[in-house]
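Work through the exercises below with the model open beside you. Try each task before you read its solution.

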Amino acid sequence: MHPRKCAHWVGLSLISLSLVCIVANALLLVPDGKTWSSDQLSLQVLLMPGFIGGGLMVLCLGIALVLVAVDYDCPEWCLPVCFIEGLLGAIYCLTMSAEGLRIGPKCSINGKWDYHFQRDEYLSHPDDWNICEEPSNVVSWNVTFFSLLVVVSSLEILLIFSGCCFTCIAVSDEPRSNPF
């Protein structure tokens, strides 16, 4: 496959995956479809790994790759900065989402808001997930969307590495016009 064509498809894939991250993070903010105050949401939700990391930071790289694929002449520093930004964003999304899965959600039991699932084995005991009074079903909600963010950010990392290799080949094989 031609390197520019590959960069184009990697860029489009990263754009799509970043939008999935943004939507997943938005849904994490409204468990059960209701809004809750910030002291009732877990820290990993409030740090917005899908919106900031896997979303906007990766979106910038995806747009840059699509522009380079259609012969947009960006400065020499543009792609390396975008690759680093995108990679750091995807890693941030992956680590914060995995931490959100590890700790579990914040919920109310007997009127007390806390991280009641801070033991590692709660993921393998789905029968215990219904003990939260508010928000109801928050455990399955968080597990679903944090798992989605882990999978999507892992795919983003793989695509960023493959896009970096093919784009470097494409940029180095073609002569660049000097604007000066």
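This is a predicted model: local features need pLDDT of at least 70, side-chain atom pairs count only at pLDDT 80 or more; totals for chains, interfaces and linings use all residues.

Residues are numbered from 1 along each chain as its sequence is written, and side-chain values use heavy atoms, with hydrogens and water left out.

**Exercise 1. Salt bridges**

Task: find how many salt bridges the structure holds, and describe them.

Solution. 
- Step 1. Apply the criterion: a side-chain nitrogen of Lys or Arg within 4 Å of a carboxyl oxygen of Asp or Glu. The structure holds two such bridges.
- Step 2. Take Glu 99 and Arg 102. Their closest N and O atoms are 2.8 Å apart.
- Step 3. Helices here are DSSP runs (H or I, at least four residues), numbered from the N terminus.
- Step 4. Glu 99 has a relative accessible area of 25% and is partly exposed; the class lies between buried, under 20%, and exposed, over 50%, with a 1.4 Å probe and protein chains only. Arg 102, at 40%, is also partly exposed.
- Step 5. Asp 114 is partly exposed at 28%.

**Exercise 2. Cavity lining**

Task: state the volume of the largest cavity and classify its lining.

Solution. 
- Step 1. Search a 1 Å grid over the protein atoms alone for points where a 1.4 Å probe fits but cannot get out; lining residues have an atom within 4 Å of a point.
- Step 2. Read the volume, the space filled by probe spheres set on the points. The largest cavity has about 40 Å³.
- Step 3. List lining residues. Among them are Leu 28, Pro 31, Ser 42, Lys 106 and Asn 142.
- Step 4. Sort by class. The lining has six nonpolar, two polar and one charged residues.

**Exercise 3. Aromatic geometry**

Task: classify the ring pair of Trp 141 and Phe 145.

Solution. 
- Step 1. Rings of Phe, Tyr and Trp (its six-membered ring) pair if their centres lie within 6.5 Å; planes under 30 degrees apart are stacked, over 60 edge-to-face, the rest tilted. The structure holds three aromatic pairs.
- Step 2. For Trp 141 and Phe 145, the centres are 5.2 Å apart and the planes at 65°, so the pair is edge-to-face.
- Step 3. Both lie in helix α5 (residues 138–173), four residues apart, about one turn. Phe 145 is buried at 14%.

**Exercise 4. A proline**

Task: locate Pro 80.

Solution. 
- Step 1. Pro 80 lies in helix α4 and is partly exposed at 44%.
- Step 2. Leu 61 is 19 residues from Pro 80 in sequence and 9.6 Å away, C-alpha to C-alpha.

Technical notes: On a 1 Å grid over the protein atoms alone, a cavity is a set of points where a 1.4 Å probe fits but cannot get out, and a pocket is an open set with protein on both sides within 12 Å along at least five of seven lines; lining residues have an atom within 4 Å of a point. Ala, Val, Leu, Ile, Met, Phe, Trp, Tyr, Cys and Pro count as nonpolar, Asp, Glu, Lys and Arg as charged, and the others, Gly among them, as polar. Helices (H or I, at least four residues) and strands (E, at least two) are DSSP runs, numbered from the N terminus.
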